[in-house]
Amino acid sequence: MRDLTKENVTEAVLDKIGDNTEPRVKEIMEALVRHAHDLIKEVNLTSDELLYGARFIQDVGKISDDKREEGVLLGDVLGMTALCEILGDIVRIGATESSLLGPFYRDGAPVREMNFDISLGDNEGEPAFVSGAVFDSKEKPIEGAVIDLWQTAPNQFYEAQMGQPKEYDDYAYRGRFITGNDGKYSFRTRKPVDYHVPTDGPVGKILKGTGRHSWRPAHLHYLIYKDGYQTIQTELFNNDSEYLDSDAVFGVKESLIVKYKKNDNKKDAEKLGFSGSFYEGNYNFVMKEDLSSINAADQYSKRASMSSD
Ligand code: BEZ
Ligand code: FE
């Protein structure tokens with residue numbers, strides 16, 4: 001038996017990975033071992049520091065349940081989620097760029113009529129009208145695309161966000177819109193506001209301990225799906241947020257920034273059901289054909305992490 005050394009311990013662990021291991025698991029596990037060992041050598045990690053890290057992971061697990069995914073948040077604040085999206089966009093080139101799903105998606109939002117007020121009559125914040133269309137890669141409007149969207153209320157919280165008083169009705173600031181043959185969608189809301197990612201768990205400790213803020217720039221979340229097309233998972237960011245360059249979870253892309261323009265025209269306001277001036281945002285999406293046979297509507301119901309019960 002040979003002694004383990006700094007030089008041969010990595011090989012010794014890699015040798016243990018069996019030949020029958022599923023190839024993708026083998027690839028990932030080997031890289032994980034190599035990178036983890038390199039990290040330990042690079043910083044001369046002590047046993048106490050390793051134990052601290054293990055306990056940190058335990059704490060991430062302890063605070064997590066089906067309504068709170070601290071492990072996902074950890075990947076988000078370390079830029080790992082954003083990096084996976086960036087790699088995915090290289091494959092999906094030509095479609096609207098993607099961004100984080102975040103933890104506050106709820107499956108089963110009601111289908112709304114065009115121009116519906118998703119704030120359900122909220123008087124807080126700034127009134128806004130958002131519209132646009134969904135096109136295919138040949139600029140043809142896509143009929144029957146489901147636009148599933150959600151955002152924070154003006155109080156900086158998502159409806160049904162864990163730990164918050166139930167200030168808003170079920171599915172406020174959420175809705176599904178189905179495009180007609182012109183590919184268009186439109187809805188009324190209150191202009192999205194900047195808000196904090198949750199900081200009351202171990203991930204909050206990382207942000208605080210490394211001198212980082214927890215703000216996300218104001219945004220709207222979108223999932224857009226239709227069978228035969230690749231699902232779009234993205235966010236649209238307000239152009240006037242002061243956090244566009246310092247998003248706590250690295251989701252911002254230039255192509256996803258929307259300019260909100262003030263409209264003071266009384267007739268426009270009346271026509272849309274606003275009592276005074278309002279903000280207007282417009283964004284067109286591009287979907288790419290999907291050659292696989294995954295059922296579009298099923299993709300995200302599995303990942304829905306929030307529910308009101
Ligand atoms: C969000 O946009 O809702 C979000 C994304 C990542 C972490 C926390 C919140
Ligand atoms: Fe969000």
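Let me start with a definition: four donors count as tetrahedral if all angles lie between 85 and 135 degrees, four count as square planar and six as octahedral if opposite donors are over 155 degrees apart and all others between 65 and 115, and anything else is irregular. What we have here is a predicted model, in which local features need pLDDT of at least 70 and side-chain atom pairs count only at pLDDT 80 or more, while totals for chains, interfaces and linings use all residues. Residues are numbered from 1 along each chain as its sequence is written, chains are lettered from A and ligands numbered from 1 in the order in which they are written, and side-chain values use heavy atoms, with hydrogens and water left out.

Turning to the iron ion, ligand 2, its protein donors (N, O and S atoms within 2.8 Å of the metal, or 3.2 Å for Na, K and Ca, with water not among the atoms, so that sites may look incomplete) are Tyr-158 and Tyr-195 through OH, and His-219 and His-221 through NE2, at 1.8 to 2.1 Å. The angles among the 6 donor atoms run from 55 to 165 degrees, and the site is irregular. Along the chain, the donors follow the spacing Y-x36-Y-x23-H-x1-H.

Now to ligand 1, where we look at polar contacts, meaning pairs of N or O atoms within 3.5 Å; within protein, one must be able to donate a hydrogen and the other to accept it, and residues adjacent in sequence count only if both atoms are side-chain atoms. A polar side-chain atom of Tyr-195 lies 2.5 Å from an oxygen atom of ligand 1, and for His-221 the corresponding distance is 3.0 Å.
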